[in-house]
Amino acid sequence: MENVIVNKNGVKFITFSKLNDIPFVKHGFSTKIGGISNGIYDSLNLGFKNGDTKTNITENIKRFTNAVGLDYMNLVISDQTHGNNIKVIRSGDKGKGFFRERDYSNIDGLVTNIKGIPLMTMFADCVPIFMVDTVKQVIAVSHAGWKGTKLKIGKKTVHSMIHEYGSNPKDIIAVIGPSIGKCCYEVDKKVVDEFNKNFNNTSEFISAKEKSKYKLNLWNANKIALKEAGLIDKNIMISNLCTSCNSDLFFSYRKEKGQTGRMGAIIQLI
Ligand SMILES: [Zn+2]
């Protein structure tokens, strides 16, 4: 699968060829290029929770949604806590988290089958998981840092699609988007122990380094969880873009030691 870098009116974002092939979906993953924020948020910061001004963030979100070709009036944004709670978005939820106050909290994944509602989750190194049921026409986007990955949020998102909309996992296309790669993601034994509780094959995505340090491949861990949920191997694509290696393009929490902006993963049925 190819990553396609789009530049629309100066706003750069990434799309994925496998999702571009689906005619009833629009999607994108933002970069840090094309916004109005300054300093550590330079310039397309979309995250409300990290100290940038509301005016800047609102303008940046409008620029990003416009660039992708989506209407921000209906935009729904998650309330992320590194958990694994998924919210099914109904027509009454339009605009929540952006244009209107949220009436939900502790939500790291969003699912809907309603056309015209963009769903967005926020990132700076954590793993975005885009999903589309190509038969029932259901979409989802989830946020998987190491905790969400350990909790198998991708698998839980698939379960929401099955339970709520009768999705067949074999019809679901998944894209594991730009995020911190194994190349740059070192963790300690405490994290490895947590994964060993929930996965029985951690050697497939964790490798030991020197001095009880480990390399964690979040992309492969999420792929394993999606396969456990019934997705077909060839329907799970990995973007292979590391946000830390490509810090000219992306905000990276680890590279900037927490002092950085947030990017958005957005998807909508059209
Ligand atoms: Zn890297």
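Which residues coordinate the zinc ion? They are C183, C184, C242 and C245, each through SG, at 2.3 Å. Donors here are N, O and S atoms within 2.8 Å of the metal (3.2 Å for Na, K and Ca), and water is not among the atoms, so sites may look incomplete.

This is a predicted model, where local features need pLDDT of at least 70, side-chain atom pairs count only at pLDDT 80 or more, and totals for chains, interfaces and linings use all residues. Residues are numbered from 1 along each chain as its sequence is written, and side-chain values use heavy atoms, without hydrogens and water.

**The zinc site**

Along the chain, the donors follow the spacing C-C-x57-C-x2-C. The site is tetrahedral, with angles of 102 to 117° among its 4 donor atoms.

| Residue | Relative accessible area | Class |
|---|---|---|
| C183 | 46% | partly exposed |
| C184 | 24% | partly exposed |

Buried means under 20% relative accessible area, exposed over 50%, and partly exposed in between (1.4 Å probe, protein chains only).

**Strand β15**

Strands are DSSP runs of E, at least two residues, numbered from the N terminus. One side carries M263, A265, I267 and L269; the other carries G264, I266 and Q268.

β15 pairs with β3 (residues 25–30) through 5 bridges, running antiparallel. Pairing requires at least two DSSP bridges between two strands. H27 has I267 as its bridge partner. Strand β7 (residues 119–123) is also antiparallel to β15, joined by 5 bridges. There, M120 stands opposite I266.

Notes
Helix = DSSP H or I, 4+ residues; strand = E, 2+ residues; numbered from the N terminus. Tetrahedral: all angles 85-135°; square planar, octahedral: opposite > 155°, others 65-115°.
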